[in-house]
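Here's a quick tour for anyone new to reading protein models. Keep the picture open while you go through the points below.

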Amino acid sequence: MTAQAKATPHVYSFKDGNGKNKKLLGGKGANLCEMTQIGINVPPGFVITTEACLDYLDTKNQDLPLELMNHVREQISRLERDTNKGFGDADNMLLLSVRSGSALSMPGMMDTILNLGLNSATLPGLIKQTGNERFAWDAYRRFIQLFGKVALGISDEKFDRPFDAIKKREGITIDTDLSADHFREISDVFLDVVHDETGKPFPEDVYEQLQLSIKAVFSSWLGKRAIDYRREFKITADMANGTAVNIQTMVFGNMGNDCATGVGFTRNPGTGENVMFGEFLINAQGEDVVAGIRTPKPVHELASDMPQMHVELLALSDRLEKHYREVQDYEYTIENSVFYCLQTRDGKMNATARVRTSLEMANEGLITRDEALLRINPEELDQLLHPRLDPESKQMPIAHGLPASPGAASGKIVFDADRAELARDEGEKIILVREETKPEDIHGFFAAEGVLTSRGGKTSHAAVVARSMGKPCIAGAEGIDVDVEHHIARVGDVTLHEGDVITIDGANGNVYLGEIDMVPPKFSNELRTLLNWSDEIADLRIMCNADTLEAATQASDYGAMGIGLCRTERMFNAQDRLPLVIDMILAKDRAERKEALDRLRPIQRGDFKDLFKIMSPRPVTIRLLDPPIHEFLPSEKQLEQEIEHLRCLRDTVSGVNDLMNTMQLLKRHADTKAMPKPFAPGGRELVESAIAKKQQMLLKVRELFEVNPMLGHRGVRLGITYPEIYEMQVRAILEAAVECNREGFDVCPEIMVPQVCTGQELLWVRKIVDEVHADIEAEYNTHVTFKFGSMIEVVRACMRAGRLAEIAEFFSFGTNDLTQSTFSFSREDAENKFLPLYEKNHILQDNPFETLDVKGVGRLMETAIDWGRKTNPDLKVGICGEQGGHPASIRFCNHIGLTYVSCSAPRVPIARLAAAQAKLTEDDYVLE
Ligand code: PEP
Ligand code: MG
């Protein structure tokens with residue numbers, strides 16, 4: 001290397017730059033350096049660093065430092081020597097491309113200029129050199145427009161209008177029909193546009209062109225598009241700061257039939273299959289492939305069109321993948337039968353392809369198993385676990401709501417849960433459509449393929465329940481006016497009736513009329529193998545939150561290692577239990593309550609047996625009743641309305657009976673058979689008793705009213721005031737365990753107490769449990785084992801963890817409630833009112849109800865684990881809040897030494913992979 005060509009801090013030749021330093025050189029620049037240095041034929045060039053960009057953006061007058069331009073000039077001289085061409089030399093001109101490129105790929109967000117170096121003096125040289133006048137004028141008009149737009153800030157429209165006018169005048173619709181003369185005329189018009197818009201002639205000096213272009217590319221880092229993109233994809237300055245500028249010799253794929261341009265992948269990015277994938281065009285420029293002006297050919301046709309070039313392409317593809325040990329996405333140009341690679345980057349692909357390539361590349365020995373696991377974003381697996389709409393479908397949506405639970409479903413509209421159940425029993429597939437849903441709609445959820453609501457957010461009842469069941473849901477589709485009473489819904493001019501078929505896509509919130517073809521989820525063998533590798537590596541165990549046989553079966557198929565949270569209240573809401581639960585709530589005294597609970601117990605026992613069997617021999621953690629009991633009753637308003645209706649009905653019944661009696665008296669001898677039958681004599685009493693029951697409920701609802709139910713009479717507080725409820729549940733759990741044992745199933749029940757604040761509360765419940773346990777062992781004359789634990793979802797419980805761990809064998813962090821109590825935020829209000837603003841303005845980085853707040857809630861958890869394990873070193877600790885299925889939270893849970901995370905069934909595969917990644921990256925974990 002000569003002293004002159006020595007690399008400078010802000011400018012690096014492709015021959016010198018460090019291909020590993022993407023932060024400094026940007027992804028594109030670093031790869032161009034690396035490819036050059038390993039001998040791939042890359043058009044020569046150099047990179048101006050991201051640091052130079054930041055320095056430039058910092059200067060007040062926004063001038064490029066003289067020193068930088070001097071280094072650029074040195075590099076240009078080097079290029080001139082390497083290419084035997086001259087920058088601005090009319091007879092043998094060097095033309096350049098000027099491209100942006102930051103550390104992380106931000107496709108299309110920043111600017112690029114091609115054909116730089118053309119002017120009125122060099123253009124005739126290009127015509128002479130190529131012998132292709134049309135090509136040269138085309139290149140010139142492209143350059144004037146791109147330069148005008150990017151460097152001089154002239155809108156595309158100013159160029160497009162005269163361009164289209166000329167095409168129209170000539171009766172030409174496609175650009176390939178334009179002649180050299182047309183392009184010359186267009187170039188002249190474009191030069192006038194520049195003059196008119198800027199008040200100055202188009203810059204003829206090639207160094208002025210270059211300087212303005214570098215400035216423009218630097219400035220595009222702060223363009224609105226780029227800023228929005230970084231915000232949307234959460235790209236921080238730490239990940240990418242400033243853009244590099246790549247200045248590269250132009251090569252042309254459009255100089256004749258021995259020229260071509262193409263893009264390709266080393267493997268198929270749609271399926272992952274290990275075959276080269278891509279398209280090319282003969283005699284065309286790169287942008288023609290992308291812009292779809294001509295239809296490109298599949299890459300295998302290059303073998304017959306240009307056999308030698310195909311061989312070179314195969315060699316490039318193989319070389320790139322072996323070198324980068326990753327699927328590559330590259331661009332190439334063939335200029336007069338010389339093959340050039342213009343850029344390469346890691347290939348983006350769908351989840352199917354990512355999983356398959358991970359497995360195959362590991363099996364081929366190209367990457368290690370650890371690398372295979374680390375190259376998949378766990379969240380991507382979600383794509384594989386829900387049926388998806390056929391991506392080929394062209395149908396337009398009729399409405400749009402919030403994508404509340406992923407997956408897609410088609411079915412007949414039904415407007416209430418009872419009718420949903422009936423329709424399902426008749427074999428129909430249905431979509432439950434409501435304004436919003438309530439706990440009493442639970443059987444409608446079971447029956448439905450998916451749920452659509454016109455109100456509520458991503459955390460509305462519909463959204464939370466659907467997610468926990470892994471069913472698609474769209475919430476808050478405000479464009480739909482749901483009229484449950486008349487069984488219709490209106491969307492603009494369209495009226496939907498019960499029985500009409502719709503399709504919902506919970507991944508993007510779109511609602512479609514009619515049925516759209518689905519692509520089923522595929523839990524492929526490749527995924528199964530990768531997740532088995534994950535389990536071998538991970539320390540964390542992955543449990544599921546499941547309270548139905550359906551969810552538990554799905555979780556088990558997805559590899560759950562047990563149930564970490566069974567919410568028993570969901571079982572109370574089912575159709576056949578709710579009346580019993582209501583009887584229990586309305587009971588006058590303990591004896592009456594016990595009697596209702598006794599009828600509920602066998603049903604609960606049956607539920608627990610199902611879960612124990614499906615999970616045998618894995619643990620099943622059952623949480624004793626948590627919500628305030630008034631949640632099982634209708635609302636006060638609803639009851640008042642129903643009583644009013646019943647009273648009207650009673651009056652109607654009396655009136656009709658009076659009328660009939662009168663008629664009979666008056667027409668004693670007439671034929672009374674012809675008259676309508678009066679209501680049955682008992683009709684009135686029936687209505688009276690219904691009114692009495694509803695009034696009793698209303699009184700109870702008023703008696704149970706709480707100002708703030710979530711902080712009120714719930715969880716263990718409920719278990720202490722109504723011990724017979726917990727007694728019944730514990731009995732059902734232990735009876736189920738005994739019966740399963742007898743049927744040959746090895747079971748591992750865990751009893752968990754919600755909302756605990758003090759050791760005394762836990763001791764109180766423990767006493768109930770021990771008494772019931774002793775009874776059962778005596779009654780069945782057998783031994784039954786179980787674990788006893790506490791949820792930790794109250795700040796005081798964290799502070800008393802040492803004491804609680806003396807009584808509990810396990811803790812499970814209920815981070816839904818713990819987050820609410822740590823922030824003093826009500827989740828619903830926070831998410832609907834101010835959290836989006838907090839996130840947008842970075843007051844909070846993430847929604848703490850989705851991603852664990854490691855700085856606050858996480859600290860409490862760490863302290864609680866520390867203190868808990870001091871008094872009970874064997875303490876098992878897990879998390880069962882919604883954050884438990886989130887990869888970032890899982891990483892933190894691994895870091896602080898949790899035993900397990902528990903999440904909804906569809907997130908089990910995601911959590912398994914995330915747990916392995918957490919272990920593999922633990923050494924790099926930095927806790928602020
Ligand atoms: C929790 O609080 O995190 C929890 C799992 O309980 P729930 O969501 O049922 O309140
Ligand atoms: Mg809770």
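Predicted model: local features only at pLDDT ≥ 70, side-chain atom pairs only at ≥ 80, totals over all residues.

**The big picture**

- The protein has 928 residues, and 54% of them count as buried.
- If you go through its secondary structure, you'll count 34 helices and 31 strands.
- The C-alpha trace spans about 115 × 80 × 55 Å along the principal axes.
- There are 70 salt bridges in the structure.

**Buried residues**

- Alanine 226 is part of helix α9 (residues 224-232), and its relative accessible area is 0%, so it's buried.
- Alanine 226 and aspartate 111 are 115 residues apart in sequence, yet their C-alpha atoms are 10.0 Å apart in space.
- Asparagine 510 belongs to strand β22 (residues 510-513), and at 13% relative accessible area it is buried because the cut-off is under 20%.
- The side chain of asparagine 510 makes a polar contact with the side chain of histidine 400, at 2.7 Å.
- Asparagine 510 also has a side-chain polar contact with tyrosine 512, this one at 3.3 Å.

**Salt bridges**

- Why do such pairs turn up? Side chains of opposite charge can pair when their charged atoms come close.
- Take arginine 161 and glutamate 157, whose side chains meet in a salt bridge with N and O 3.0 Å apart.
- Both of these, arginine 161 and glutamate 157, lie in helix α6 (residues 156-170), and they're four residues apart, which is about one turn of the helix.
- Arginine 161 counts as exposed at 52% relative accessibility, while glutamate 157 counts as partly exposed at 44%.
- Another salt bridge joins arginine 599 and aspartate 583, with 3.4 Å between the closest N and O atoms.
- That pair links distant parts of the chain, 16 residues apart: arginine 599 is in helix α22 (residues 590-615) and aspartate 583 is in helix α21 (residues 578-586).
- Both partners are partly exposed: arginine 599 has 37% relative accessibility, and aspartate 583 has 25%.
- Lysine 588 and glutamate 592 form a salt bridge through their side chains too (3.0 Å, N to O).
- In this pair, lysine 588 is exposed at 69% relative accessible area, whereas glutamate 592 is partly exposed at 30%.
- Some salt bridges join up into a network, linking Asp598, Arg601, Arg605, Lys609, Lys613, Glu735, Glu739 and Glu743.

**A charged spot on the surface**

- Which residues gather in a patch of negative charge on the surface? They are Asp188, Asp192, Asp196 and Glu197.
- Aspartate 188, one of that patch, is found in helix α7 (residues 180-198).
- Is aspartate 188 buried or partly exposed? It's partly exposed, with a relative accessible area of 40%.

Methods
Residues numbered from 1 in each chain as written. Chains lettered and ligands numbered in written order. Heavy atoms only, no water. Patch = residues over 30% accessible without salt bridge, like charges linked within 9 Å, V, L, I, M, F, W, Y side chains within 5 Å. Areas by Shrake-Rupley, 256 points an atom, 1.4 Å probe, with all protein chains shown as cover. Salt bridge = Lys/Arg side-chain N within 4 Å of Asp/Glu carboxyl O. Lys, Arg positive; Asp, Glu negative; His and termini not counted. Charge placed at Lys NZ, Arg CZ, Asp CG, Glu CD. Helix = DSSP H or I, 4+ residues; strand = E, 2+ residues; numbered from the N terminus. Buried < 20%, exposed > 50% of the residue type's maximum accessible area, 1.4 Å probe, protein only. Polar contact = N/O pair within 3.5 Å; in protein donor to acceptor, adjacent residues only side chain to side chain.
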